[in-house]
Amino acid sequence: MRIDAHQHYWRITRGDYGWITPELPVLYRDFMPVDLEPLLQTQSLDGSIIVQAAPTVEETDFILSIAEQSPSVLGVVGWLDLFDPDHRRIYEKFRQHPKFKGFRIMIQDMPDAYRILEPGFVEALRGYAEEGVPVDLLLVSDQMAAVLQLLEQVPNLRGVINHMAKPPIRNKDMESWKQYMTAFARYPQIYCKLSGMVTEGEHHRWRKEDFLPYIRTVIELFGPQRVMFGSDWPVCLLAADYSEVMDILISSLPEAWGEYERGCLLGDNAKAFYKL
């Protein structure tokens, strides 16, 4: 099974995508399965995982409704606010849907990333970790210290780092990012998505070589069984089209990788992580 493990759908008029504004004309329109499915077919992908793009329960309900009608949607990663005392009731509602596969913590949007270390948040996450619930972690590279402290307190978290923690690719800076990624990789249930990297480079002025050291570092640290391909479509359109995103990744894979390793990256790991 070949899977795009990270993409989004949205309908602008729903009104809860505060980050998508008319100043981003490439993204300021609806994106639905009819737009993505031809691209999946072109790349011989069997389906995709929708990941939430707005911090609302209503948006998770919306993407679950899309999943009900779209065979190409293999799973949904919704949103859950672990600061909300009612989070468990909301999670129980979501989990009734057969395509709900986990939730995402949007650390990236927190003015203070260290809030994730508050006792109530940590205790809530420990509960989901005990149950083996898949958790996506959206963060940027300068929040990695807080996330590492969180993993120290919840070492059995079944988690996946989104977008390689958004390394500073434009600045070609790797040292601090690599140190933290090395620490993340020591946790055997933490995976990493090779996704979202193109928008961290120079939009439309990038070269494939810009991404190679970051891709190779993640692969070296996490190994072939804990990495996943994600297009981050349609956000990727800010810098590259779907085929370019795929080409960047495939051209950067180790020469020694064969069918098994590529199969892990392009679907088998996502199938195992999200329990598809």
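**Close-up views of a predicted protein chain**

View 1. On one side of α1, Val34, Gln41 and Thr42 are exposed (exposed, over 50% relative accessible area; buried, under 20%; partly exposed, in between; 1.4 Å probe, protein chains only). Pro33, Leu36 and Leu40 of α1 are buried. These three cover an arc of only 75° around the axis, which puts them on the same side of α1; the arc is that of the directions from the helix axis to the C-beta atoms. The buried residues of α1 pack against β1, β2 (47-51), α2 (57-69) and α8 (contact, heavy atoms within 4.5 Å). Helices (H or I, at least four residues) and strands (E, at least two) are DSSP runs, numbered from the N terminus.

**View 2. The buried face of helix α8.** Helix α8 spans residues 242-251, and its buried residues are Tyr242, Val245, Met246, Ile248 and Leu249. Seen down the axis of α8, they fall within an arc of 155°, so they line one face of the helix. Their cover includes the strands β1 (3-7), β7 (190-194) and β8 (227-229), together with the helices α1 (33-42), α7 (208-222) and α9 (259-273).

**View 3. The surroundings of Met1.** Met1 lies in the segment before β1 and is partly exposed, with a relative accessible area of 46%. Not counting residues up to four places away in sequence, Met1 touches Asp46, Leu74, Leu266, Gly267 and Asp268. The C-alpha atoms of Met1 and Glu68, which are 67 residues apart along the chain, are separated by 20 Å.

**View 4. The whole chain as context for the close-ups.** The protein chain has nine helices and eight strands. Its radius of gyration is 17 Å, close to the 19 Å that the globule rule gives for 276 residues, so the chain is as compact as a globular protein of that length (taken over C-alpha atoms; the rule is 2.2 Å times the number of residues to the power 0.38). Of the 276 residues, 57% count as buried. Among contacts with a separation of 6 or more, 81% are between residues 24 or more positions apart.

**Notes.** Residues are numbered from 1 along each chain as its sequence is written, and side-chain values use heavy atoms, with hydrogens and water left out. Because this is a predicted model, local features need pLDDT of at least 70 and side-chain atom pairs count only at pLDDT 80 or more, whereas totals for chains, interfaces and linings use all residues.
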